[in-house]
Amino acid sequence: MTRSRRTALSTGAAALTLALGVVLAEPAYAGEQPSNTEGSNTEQSGGSDDTGIYAAARITYSGSVAKSGSPGNVTSADVNWAPPPCWYAPYLGAEDFKKEMSKDIEGQMNAPGMGGHAGAALSELQRHYEDEYGWTDTPGYKDYNVDKDGEGMFWAAVENPDEPDLLKRNSCNDLPFWVDNGEAPPPQYEEAITPEILAALAYQHMQLPDTEVSLAPEETTKVNLPTWAWLDKAVFDEVQATAAINAPGFALQATTTAKPVSLKLEPGTEDAETYPASGECTINADGSIGEPYAKGKADRTPPCGIEYLRSSGDGTYDLQATITWEIAWTGTGDTGGDLPDGAFGNDQEIVVQEIQSVNR
């Protein structure tokens, strides 16, 4: 039986949307990692209950990512961009899904006071998975598709645990649906996991290196004395983070790459001048930024640097050095593209002293 529109199954939301609770596993540390990485692999996976049924979907993060599944330290330059708040991913095979879902439905039907609209919605939910009860673009299932066990999986919603907006996090509220192995999810599920979603999640978990700008003079400088600033290519290179998901008959991955392109210097006081005047030091042809100070350059203007015009007194100025990174991604099926630029900055305390004159 089908209906021309979706039924009002949202009445019993707790039972009707079998959303995957996301568990952040302890990081599984890999062997030697490339430079500019935190060296940890983390996983986000579906939860389990006392029956021991686990979700098959697992998003694994590797490369330069934050430990323990935490968000990374990249700030998007586009304030309107955000990682997906939720998505749909492979959950359980037919047999395990039947055990999980039928137990949940039965438990809620037997709960005290479960009647009226909520009870009716639960009955329709049961018919949907047991008696082929469906609606337009959403077919029903016979006995939870157990005759196709091993030939596909039920997919379900996954909340992004790092999304602060509860409504957005719960916006993937469709019922679990079946996908045959090797087939794409039905087109109405626009939030079904894709390489682009994985790329955005890798971006969210990316950990950029805490690179300290080299200064000359270092830490303590003088009023009206140009301070040279630079970053060597050896400590200032591109980083990568990879997100992958693997389930029976389904595998995707995406690698997000951050490439440094510029350094912005903010002196921490208005009584200063930057070189260049914009404070934006662009990357050199060899991948470095600025130019190291060397003997004999005292009378030259630094290509990247600061000149303080007033003493910091008994305190310090907080020099903020922010690196802008170009973000791009590649993924399964020759997919790829650009993501908004990212930024990450460090503060360095600078002591600025008056130049002492000697009277003879």
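This is a predicted model: local features need pLDDT of at least 70, side-chain atom pairs count only at pLDDT 80 or more; totals for chains, interfaces and linings use all residues.

A: Residues are numbered from 1 along each chain as its sequence is written, and side-chain values use heavy atoms, with hydrogens and water left out.

Start with strand S11, residues 239–247. Helices (H or I, at least four residues) and strands (E, at least two) are DSSP runs, numbered from the N terminus. Seven of the nine residues of S11 are buried, so the rest of the structure largely encloses this strand. Buried means under 20% relative accessible area, exposed over 50%, partly exposed in between (1.4 Å probe, protein chains only).

S11 pairs with strand S3 (residues 58–63) in the antiparallel sense, over five bridges. Two strands pair if DSSP finds at least two bridges between them. Tyrosine 61 stands opposite alanine 243 of S11. S11 also pairs with strand S12 (residues 250–266), again antiparallel, over nine bridges. Here isoleucine 245 has leucine 252 in S12 as its bridge partner. S11 and S12 make a hairpin with two residues between them. In the turn, glycine 249 has a positive phi of about 75°.

Now threonine 274. It is found in strand S13, residues 272–275. Threonine 274 counts as buried because its relative accessibility is 14%. Beyond its neighbours within four places in sequence, threonine 274 is in contact (heavy atoms within 4.5 Å) with Leu265, Pro267, Gly279, Gly305 and Ile306. A polar atom of the threonine 274 side chain lies 3.0 Å from the backbone oxygen of proline 276. A polar atom of that side chain also lies 3.4 Å from the backbone nitrogen of glycine 279. Proline 303 is 29 residues from threonine 274 in sequence, and their C-alpha atoms are 9.6 Å apart.

Next, helix H5, residues 195–205. Ten of its eleven residues are buried, so H5 is largely enclosed by the rest of the structure. Among them are Pro195, Leu198, Tyr203 and His205.

Last, confidence. pLDDT is the predictor's confidence in each residue, from 0 to 100. The chain averages 83, and 82% of the residues score at least 70. Over residues 1–42 pLDDT stays under 50. Over residues 44–55 pLDDT also stays under 50.

Definitions and conventions. A polar contact is a pair of N or O atoms within 3.5 Å; within protein, one must be able to donate a hydrogen and the other to accept it, and residues adjacent in sequence count only if both atoms are side-chain atoms.
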